[in-house]
Amino acid sequence: MTKGTVKGIISNLVYVEVDGPVFQNEICYIDFHDIKLMAEVIKVAGNIAYTQVFESTRGLKPGNTVEFTDKMLQVKLGPGMLSKNYDGLQDDLNKMEGLYLKRGEYTDPLDEDSIWKFTPIAKEGDTVMAGDWLGSVPENWIDHKIMVPFLMEEKYRIKSIVPAGDYKITDTIAVVVDDEGNEYPLTMIQYWPVKLPIRAYQSKPRPFKTLETGIRTIDTLNPIAEGGTGFTPGPFGTGKTVLQHSISQNAEADLIVVAACGERANEVVELFTEFPELDDPRTGRKLIERTIIICNTSNMPVAAREASVYTAMSICEYYRSMGLKVLLLADSTSRWAQALREMSNRMEELPGPDAYPMDLPAIISNFYARAGYVYLNNGQIGSITFIGAVSPAGGNLKEPVTESTKKAARCFYSLSQERADSKRYPAIDPIDSYSKYLEYEEIQDYLNQNISAGWVDKVYKAKDILLRGKEAKDQINILGDDGVPLDYHSRFWKSELIDRVILVQDSFDPVDKSSSMKRQAYMLNLLLKICNTEFDFESYEELQPFYSRVINVLVQMNYQSFESDKFKEYEAQLESILTERRV
Amino acid sequence: MAGTAFQKIYTKLTQITKATCTVQATGVGNEELATVGGRLAQVVKIIDNKVTLQIFEGTEGIGTDAEVIFYGKPPTLKVSEQLAGRFFNAYGDPIDGGPEIEGEEVEIGGPSVNPVRRRDPSELIATGIAGIDLNNTLVTGQKIPFFADPDQPYNQVMATVALRTKADKIILGGMGLSNDDYLYYKNSFENAGVIDKIIAFINTTDDPPVERLLVPDMALSAAEYFAIQKNEAVLVLLTDMTLYCDALSIVSNRMDQIPSKDSMPGSLYSDLAKIYEKAVQFPTGGSITIIAVTTISGGDITHAIPDNTGYITEGQLYLRRDTDIGKVIIDPARSLSRLKTKVIGKRTRADHPQVMSASVRLNADAMNARTKLENGFDLTDYDQRALQFSRDYAEQILAIDVNVDTEEMLDKTWALFQKYFTPEEVGIKDEFMKLYWKKE
């Protein structure tokens with residue numbers, strides 16, 4: 001194994017003189033008193049390896065010895081990851097002792113002594129390759145597949161496989177043989193280098209179905225595809241985190257991985273304390289049972305922050321290979337980009353825009369490309385849907401992280417300060433935001449078949465009403481209430497109707513926080529019917545009181561269980577208000 | 001912090017800039033303290049035997065033959081009960097004429113708390129200021145700054161907040177504080193008779209700017225001692241964080257780092273997060289709450305300092321001079337406390353959230369009416385009433401000099417609702433209307 005000596009230290013960048021071969025992204029450990037500090041090679045020049053240390057480098061001296069591992073940064077994969085709280089390097093935070101995070105303390109992400117009920121899927125004599133299912137163990141309510149390790153590149157024959165029964169994750173559950181007769185004993189544990197995508201699947205089709213999030217402004221207006229990508233840029237205070245939390249609670253996914261990347265610790269504590277209490281709306285079990293939290297808060301070392309998103313993505317890919325529908329939420333990818341910037345800066349690379357590294361767009365798009373819908377080798381399907389939050393400096397969307405992400409992600413959910421200021425949450429701007437998937441023929445067919453015929457046209461119709469309403473409002477603001485034709489007021493109020501009833505959603509209300517697709521379709525149809533109705537008004541002053549009443553009743557409907565008696569009561573009230581002025 | 005030096009003495013400086021110097025030395029650790037020509041310095045970069053130090057006092061008059069003595073340890077602070085009631089400089093040396101502190105020596109700027117060992121903040125901090133208690137309730141373990149223009153009386157407001165809270169200890173970290181403001185704080189604490197629970201680390205405008213970099217870490221190390229060892233509720237006041245950031249940019253500039261937005265170092269977010277994230281609620285009852293001041297220029301919050309701060313802190317408070325009443329208020333429209341939802345209506349009366357949002361909404365209507373008025377459009381009857389409400393609301397409830405408990409704030413707000421609006425206009429849930437809307 002290659003060894004080295006510390007030559008220089010600038011913050012968490014450490015120069016190491018090496019005595020043998022090293023490779024890019026190789027992990028090494030720096031001896032420091034009686035602990036070892038983990039670091040990653042990020043550049044090599046001559047016999048000097050530039051390493052970023054995942055810890056504070058306080059007290060480190062030139063002359064400290066370094067051991068290289070011949071491995072890249074990797075995750076340890078196996079049953080027992082659900083409900084865990086990891087740091088960016090996949091250390092189990094709950095296993096760490098003491099109040100403070102200690103330098104050099106690395107904990108096992110899995111519980112090696114835990115016992116699992118294994119049922120074989122493959123049998124002796126089967127030919128298998130990386131990612132193929134050998135058997136399964138129940139993990140919470142997920143059927144956790146034990147797979148041929150992704151790192152095994154050949155075709156293998158199963159020489160033996162254990163019968164159904166209880167095993168530890170370290171027990172050998174199968175032995176496979178390659179063409180040359182080499183035997184490989186396999187356990188339930190495998191490793192994967194996080195910076196590489198797991199490609200143990202047959203093909204990656206274009207996304208062709210949508211993923212319900214329960215959030216109306218997303219599902220109705222700009223749906224995200226299962227296996228799709230999206231991002232939510234917004235200035236602070238516009239509700240990025242609340243939006244991410246409510247997606248994580250309500251989205252129809254088998255598994256949610258939340259990567260808290262460089263964000264507030266108290267927000268993560270909220271996840272820790274609330275998720276074990278909250279019910280999963282679909283299974284009725286606790287939310288925490290389908291959640292993995294990767295937590296690298298803003299005060300943790302910056303290099304580990306960079307690693308955290310990759311750790312999260314690798315865990316997602318692992319579960320996707322089991323044929324599961326995984327949702328990855330990262331808050332915020334800007335902090336990840338800033339971590340890249342800090343390192344690039346210390347290495348004195350020539351800076352790109354706003355001092356970010358020049359390859360930032362490439363790094364971001366490579367990362368987003370790891371999401372997706374896949375056909376596994378056995379014909380089963382799995383998916384990773386990825387939604388990243390972006391925190392643009394000063395709320396200016398013309399900054400490098402937002403622009404680079406815009407090129408990579410297919411859905412753009414722009415959070416607007418103006419909407420947030422007027423407490424219209426979720427503050428996703430209906431005009432600026434878009435979903436590219438809505439243009440996919442596959443998705444259009446899916447929506448028209450699964451929701452209702454002509455659904456996509458209705459969605460576009462609603463978008464038109466919103467846009468025309470905004471134009472009318474601008475005119476009214478310039479010319480004054482009585483300076484525009486009555487029709488302008490009518491346009492404005494119709495858009496207000498859609499805005500206040502469909503777009504605005506109370507994420508703290510037990511009913512309103514999540515809306516089923518059936519309900520969303522019902523409400524959109526109802527609203528479009530109102531928008532298509534002619535009403536009789538004498539002057540612009542009559543519109544505000546009328547529409548306020550209409551909106552109020554519709555909002556009350558939002559607070560009631562769908563099709564309940566109360567719901568129908570309000571609907572009847574609505575009808576009588578409409579009748580007053582219907583032409 | 002004048003340590004007993006026993007290490008080798010180096011006298012070969014190879015480079016001197018306005019804030020840093022480089023010396024040939026061996027066996028030196030990163031972030032280690034040293035003195036250069038008698039001035040305190042800290043190692044910021046080591047390449048082979050070339051060690052770069054930032055000199056807190058500046059390098060004026062430092063010669064290439066200046067004596068460099070390494071301490072073999074990072075900056076430390078001695079912590080014990082003796083800290084209470086004392087004033088220190090940025091190095092933790094007493095400036096009040098009192099004796100040196102005896103106690104355990106701890107490294108400042110230590111590691112972060114394991115997030116799974118934190119507790120969800122849930123204890124309300126009462127200040128008697130409606131702009132805070134009613135609209136933007138603070139919670140122990142929270143971190144929140146005032147975004148204030150330099151002409152606003154933020155130091156007075158902060159002193160008021162500090163004195164009205166029931167904190168066990170108040171720790172003041174003053175960075176670039178004017179001597180007048182320093183004396184103002186000192187006098188207010190003395191007059192209020194609470195000097196025993198005050199600890200202050202002060203860097204005034206008379207002191208060199210780079211020294212400021214030590215102040216937050218000093219203040220927070222003292223805070224951690226009282227919060228962890230003594231399970232006390234500690235309130236940390238940091239003023240002014242903008243001047244702290246300016247010092248950061250000076251050092252990074254001297255080290256030839258490429259600046260990012262607004263000439264700030266690329267690591268600004270991490271640097272600020274390390275400080276603010278020390279705010280914590282411990283399961284054992286102790287807590288650290290941080291109230292900071294970030295001065296902004298002409299209300300511009302898109303500048304890198306307030307912008308990065310906003311992404312880290314749990315909300316922000318704005319001061320505004322209300323010209324109608326001629327008093328300073330905490331702006332109900334722009335201020336936000338993210339953690340308020342953890343306590344309002346739970347630790348306070350159940351109608352609190354509804355009353356709060358109704359009053360903010362009605363106040364926003366008043367703002368719109370004012371804009372209408374300024375643009376020469378006619379006001380409706382509702383606009384008139386909203387304007388009157390807004391004025392009374394500012395004068396009787398929001399003004400900084402009003403000091404009442406939350407219950408009374410709520411009652412007063414109900415009275416104003418009833419004076420100017422119909423129940424429908426107020427739009428509060430029926431269950432509360434029945435309780436608090438007085439029958440004619």
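**From one residue to the whole assembly**

Tutor: Glu139(A) belongs to strand 11 of chain A, which spans residues 133-139. The model we are reading is a predicted one.

Student: Is Glu139(A) buried, exposed or partly exposed?

Tutor: A residue is buried with 20 or more other C-beta atoms within 10 Å of its own, and exposed with 12 or fewer. Glu139(A) has 19 C-beta neighbours inside 10 Å, so it counts as partly exposed.

Student: Which residues is Glu139(A) in contact with, leaving aside its neighbours within four places in sequence?

Tutor: For contact, the C-beta atoms of two residues have to lie within 7 Å. With the neighbours within four places in sequence left aside, the contacts of Glu139(A) are Pro79(A), Gly80(A), Leu82(A) and His144(A).

Student: What separates the C-alpha atoms of Glu139(A) and Trp116(A)?

Tutor: Along the chain, Glu139(A) and Trp116(A) are 23 residues apart.

Student: How far apart in space are Gln573(A) and Met358(A)?

Tutor: Gln573(A) lies in helix 14 of chain A, residues 565-581, and it counts as partly exposed because it has 17 C-beta neighbours inside 10 Å. In sequence, Gln573(A) and Met358(A) are 215 residues apart, and from C-alpha to C-alpha the distance is 59 Å.

Student: Turning to chain A as a whole, what is its radius of gyration, and how does that value sit with the globule rule?

Tutor: Chain A has 14 helices and 27 strands. For its 583 residues the globule rule gives 25 Å, and the value for chain A is close to this, so the chain is as compact as a globular protein of that length; its radius of gyration is 27 Å.

Student: What percentage of the residues of chain A count as buried?

Tutor: The C-alpha atoms of chain A fill a box of roughly 90 × 55 × 45 Å along the principal axes, and of the contacts in chain A with a separation of 6 or more, 69% are between residues 24 or more positions apart. Of the 583 residues, the share that counts as buried is 52%.

Student: How many residues of domain 1 of chain A are in contact with domain 3 of chain A?

Tutor: Chain A is divided into domain 1 (3-72), domain 2 (111-188), domain 3 (210-431) and domain 4 (455-581). The centres of domain 1 and domain 3 of chain A, taken over C-alpha atoms, are separated by 31 Å. Domain 3 of chain A brings 8 residues to the contact, and domain 1 of chain A brings 13.

Student: Which strands of chain A each supply at least two residues of the side of domain 1 that touches domain 3?

Tutor: By class, that side of domain 1 of chain A has 6 nonpolar, 4 polar and 3 charged residues. The strands that each supply at least two of its residues are strand 4 (35-45) and strand 5 (48-53) of chain A.

Student: For chain B, what radius of gyration would a compact globule have, and what does the chain have?

Tutor: Chain B has 12 helices and 21 strands, and its average pLDDT is 90, with 98% of the residues scoring at least 70. With 440 residues, a compact globule would have a radius of gyration near 22 Å, and the value for chain B agrees with that, being 25 Å.

Student: Which helix of chain B gives the most to the side that touches chain A?

Tutor: The contact takes 43 residues from chain B and 49 residues from chain A. Strand 5 (39-47), helix 6 (268-276) and helix 7 (304-312) of chain B each supply at least two residues of the side of chain B that touches chain A. That side divides into 19 nonpolar, 13 polar and 11 charged residues, and the element that gives the most to it, with 5 residues, is helix 7 of chain B.

Terms used:
Residues are numbered from 1 along each chain as its sequence is written. Chains are lettered from A and ligands numbered from 1 in the order in which they are written. This is a predicted model: local features need pLDDT of at least 70, side-chain atom pairs count only at pLDDT 80 or more; totals for chains, interfaces and linings use all residues. pLDDT is the predictor's confidence in each residue, from 0 to 100. Helices (H or I, at least four residues) and strands (E, at least two) are DSSP runs, numbered from the N terminus. The radius of gyration is taken over C-alpha atoms; the globule rule is 2.2 Å times the number of residues to the power 0.38. Ala, Val, Leu, Ile, Met, Phe, Trp, Tyr, Cys and Pro count as nonpolar, Asp, Glu, Lys and Arg as charged, and the others, Gly among them, as polar. Domain bounds come from an automatic or database domain assignment.
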